Amino acid sequence: MSKHHRRVAAVALVAALALPGLTACGAINTALDCANTAVTITNGVSDLQQAVSNAGNSPQDAQNALNQIDQNLKKIGDQTDNADLKKALNSMNQAVKNVRTAIEQGNPTPDVKPVADAAAELSKVCTP
């Protein structure tokens with residue numbers, strides 16, 4: 001093998017070894033971002049539950065909590081192509097939409113348990 005071919009082979013080997021490491025790091029970073037955002041969503045669900053239980057005081061608090069959850073769901077969705085995660089996100093989005101619709105239709109205390117259940121599933125899927 002000529003000196004040039006050895007150098008090309010060495011560069012190819014280094015590149016081959018480095019790429020899986022970069023991919024793994026990217027996957028780990030995405031999982032950690034997902035997990036951190038899932039924690040934020042769980043906190044948002046807690047805020048939503050509190051807002052709904054106090055709906056007579058300020059229905060806008062529930063809308064604000066839903067808006068925050070929507071933003072965090074979008075953040076996770078933008079970071080992943082994972083099928084399980086997409087399924088969990090879809091369930092969570094639907095649960096949030098149902099609560100939002102109930103509030104808009106005048107229900108001051110909609111059932112938020114499906115949102116909490118979907119958040120729990122999302123947290124499970126996001127755990128690195």
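Predicted model: local features only at pLDDT ≥ 70, side-chain atom pairs only at ≥ 80, totals over all residues.
View 1. Thr37 lies in helix α1, and, when residues up to four places away in sequence are set aside, Thr37 touches Asn72, Lys75 and Ile76. Leu73 is 36 residues from Thr37 along the chain, and the C-alpha atoms of these two residues are separated by 8.0 Å.

**View 2. The protein chain as a whole.** The secondary structure of the protein chain consists of 4 helices and 0 strands, which, read along the sequence, gives the pattern α-α-α-α. The protein chain has 128 residues, of which 30% count as buried, and it exposes about 8,000 Å², with carbon and sulfur atoms supplying 56% of that area. Where contacts in the protein chain join residues at least 6 apart in sequence, 68% of them link residues at least 24 apart.

**View 3. The largest nonpolar core.** In soluble globular proteins, nonpolar side chains tend to be buried together. The largest nonpolar core in this model holds 27 residues, and the members that touch the most other members are Ile41, Leu48, Ile69, Met92, Val115 and Leu122. Two or more residues of this core come from each of α1 (3-53), α2 (59-79), α3 (83-104) and α4 (113-126), and the largest share, 8 residues, is that of α3.

**View 4. The contacts of Leu122.** Leu122 is one of the core residues that touch the most other members. Leaving aside residues up to four places away in sequence, Leu122 touches Ile41, Leu73, Ile76, Leu85, Ala88 and Leu89; of these, Ile41 is itself listed among the core members with the most such partners.

**View 5. The packing of α2 against α3.** The axes of α2 and α3 come within 10 Å and cross at roughly 160°, and α2 is therefore roughly antiparallel to α3, since angles over 145 degrees fall in that class. The crossing of α2 and α3 is left-handed. On the α2 side the contact is made by Ala62, Gln63, Leu66, Asn67, Ile69, Asp70, Leu73, Ile76 and Gly77, whereas α3 contributes Leu85, Lys86, Leu89, Met92, Asn93, Val96, Val99, Arg100, Ile103 and Glu104. Ile69 of α2 and Met92 of α3, both in this contact, are also among the core residues that touch the most other members.

Notes:
Residues numbered from 1 in each chain as written. Heavy atoms only, no water. Buried < 20%, exposed > 50% of the residue type's maximum accessible area, 1.4 Å probe, protein only. Contact = heavy atoms within 4.5 Å. Areas by Shrake-Rupley, 256 points an atom, 1.4 Å probe, with all protein chains shown as cover. Core = buried A, V, L, I, M, F, W, Y, C linked by side-chain atoms within 4.5 Å. Axes fitted to C-alpha atoms, helices over the stretch in contact; angles between N-to-C directions. Parallel < 35°, antiparallel > 145°, perpendicular 65-115°, else oblique. Left-handed = near helix turned anticlockwise from the far one by under 90°.
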